[in-house]
Amino acid sequence: MIAPHRPLGAPWRAIVGGVLALVIGAGAGWGIVTGPVALLQRPADWTIALCDVGQGDATLVRSAGRAMLIDTGPEPESLRRCLDELGIARLDVLVLTHFDRDHAGGVDVVAGRADVVLHGPVGRPAHQRRLDRLEAGGADVVQAAAGMTGRLGEADWRVLWPRRNERGFLPGNEVGVVLQIEGGSVPRSLFLSDLSGAAQGALRRLARPHDESVVKVAHHGSADQDPQLYADLDPALALISVGEGNDYGHPRAPTLEMLRALGAGILRTDQRGTILVTQEDGALHVWAEREAPADGPPSRPP
């Protein structure tokens with residue numbers, strides 16, 4: 001059953017160096033409240049974690065003691081640090097959306113720690129060698145295709161893209177695995193890999209996703225997006241995994257403007273570090289390890 005679109009509600013306290021940064025979901029838009037606090041710890045009941053791995057993607061989804069990792073980021077050490085800090089020792093599902101280094105460079109960290117591996121199309125022998133290492137570590141390795149479904153604790157996941165035996169796009173960004181996940185305390189969420197605007201348009205026409213509470217923005221917030229897809233998704237929260245000072249200029253201004261025009265709250269790892277999300281009583285709760293920069297709004301405008 002598809003859950004209704006969830007509004008952004010009063011979130012967790014975000015603790016930064018002894019200062020409380022509270023991102024509030026008031027009717028006039030998000031804001032920041034600061035003051036001294038004693039508690040310096042991450043909330044334990046997160047269900048989505050956007051790891052700060054620099055210019056790359058590594059996203060954890062957790063439900064009822066089960067864990068999924070979507071991509072590994074570019075470097076083993078940054079992924080290892082995130083998994084250790086969040087207490088993730090084993091993965092029920094590892095998703096390699098595609099094999100670019102910024103999404104699969106840290107894969108050796110999870111070799112021998114994943115039960116199932118879902119992956120995008122294999123384009124080179126080096127990609128297959130990565131999968132072989134994972135399989136040698138005990139994982140069941142499966143190429144993902146639209147229509148595949150599964151269960152993660154109390155959450156359901158579904159592959160929306162790519163189509164099986166996709167011929168309209170070459171292996172790489174365009175056929176990165178796109179997952180929709182929801183259930184339990186996991187808000188209805190869509191993870192868009194590195195899809196270009198053209199591939200997003202095909203996804204929109206074929207799968208018709210809509211009304212997602214959380215969207216992991218495609219390709220680190222590049223300018224190559226399909227605005228109609230995001231309008232259909234109408235996310236309450238847009239997550240951008242991106243490296244500080246990257247050479248690509250990500251996230252690009254037109255993409256940020258598009259998201260703000262939709263009223264989406266925007267959280268970026270280059271500004272906020274690791275970001276944690278859950279849903280309770282119909283409201284999204286968010287935590288970030290760093291305060292928002294003082295020179296601009298962290299989220300939706302008034």
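How much accessible surface does the protein have, and what share of it belongs to carbon and sulfur atoms? After that, please look closely at the open sheet: in what order do its strands run, and what lies across them?

A: This is a predicted model, in which local features need pLDDT of at least 70 and side-chain atom pairs count only at pLDDT 80 or more, while totals for chains, interfaces and linings use all residues. Residues are numbered from 1 along each chain as its sequence is written, and side-chain values use heavy atoms, without hydrogens or water.

The accessible surface of the protein comes to about 12300 Å², and carbon and sulfur atoms account for 49% of it. These areas come from the Shrake-Rupley method with a 1.4 Å probe, and for residues only the protein chains shown count as cover. Of the 302 residues in the protein, 55% are buried (under 20% relative accessible area; exposed is over 50%, and partly exposed is in between). The protein has seven helices and 18 strands, taken as DSSP runs (H or I, at least four residues, for helices; E, at least two, for strands) and numbered from the N terminus. Among contacts (heavy atoms within 4.5 Å) between residues at least 6 apart in sequence, 60% join residues at least 24 apart.

Seven strands form an open sheet with mixed pairing, in the order 10-11-12-13-14-15-16. From one strand to the next, the twist averages 20°. Two strands pair if DSSP finds at least two bridges between them; strand 11 and strand 12 are antiparallel and pair over five bridges. Across this pair, Trp157 has Ile181 in strand 12 as its bridge partner.

Beyond four places in sequence, Ile181 is in contact with residues including Val61, Met68, Ile70, Trp157 and Phe191.

Helix 4 lies across strand 11 and strand 12, at about 115° to strand 11. Such angles run from 0 to 180 degrees between N-to-C directions, with axes fitted to C-alpha atoms, for helices over the stretch in contact. In helix 4 (residues 197-207), the buried residues are Gly197, Ala199, Gln200, Gly201, Ala202 and Leu203, and their cover includes strand 11 (155-161), strand 12 (178-183) and helix 5. Helix 6 (residues 253-261) lies across strand 15 (237-240) and strand 16, running at about 140° to strand 16.

Most residues other than glycine have a negative phi, and most peptide bonds are trans. The loop between strand 11 and strand 12 contains Pro162, and the peptide bond to Pro162 from Trp161 is cis, with omega near 5°. Pro251 is in the loop between strand 15 and helix 6; the bond from His250 to Pro251 is also cis, with omega near -10°. Ser193, in the loop between strand 13 (186-191) and helix 4, has a positive phi near 50° and counts as buried because its relative accessibility is 2%. Just after helix 4, Arg208 also takes a positive phi, of about 50°. Asp234 sits in the loop between helix 5 and strand 15, with phi near 45°; its relative accessible area is 30%, so Asp234 is partly exposed.

His220 lies between strand 14 (214-216) and helix 5 (227-233), and is buried because its relative accessibility is 1%. Its side chain makes a polar contact with the side chain of Asp102 at 3.0 Å. A polar contact is a pair of N or O atoms within 3.5 Å; within protein, one must be able to donate a hydrogen and the other to accept it, and residues adjacent in sequence count only if both atoms are side-chain atoms. Beyond four places in sequence, the contacts of His220 include Asp57, His103, Asp194 and Ile240, as well as His250 and Pro251, the two residues joined by a cis bond.

Key. Buried < 20%, exposed > 50% of the residue type's maximum accessible area, 1.4 Å probe, protein only.
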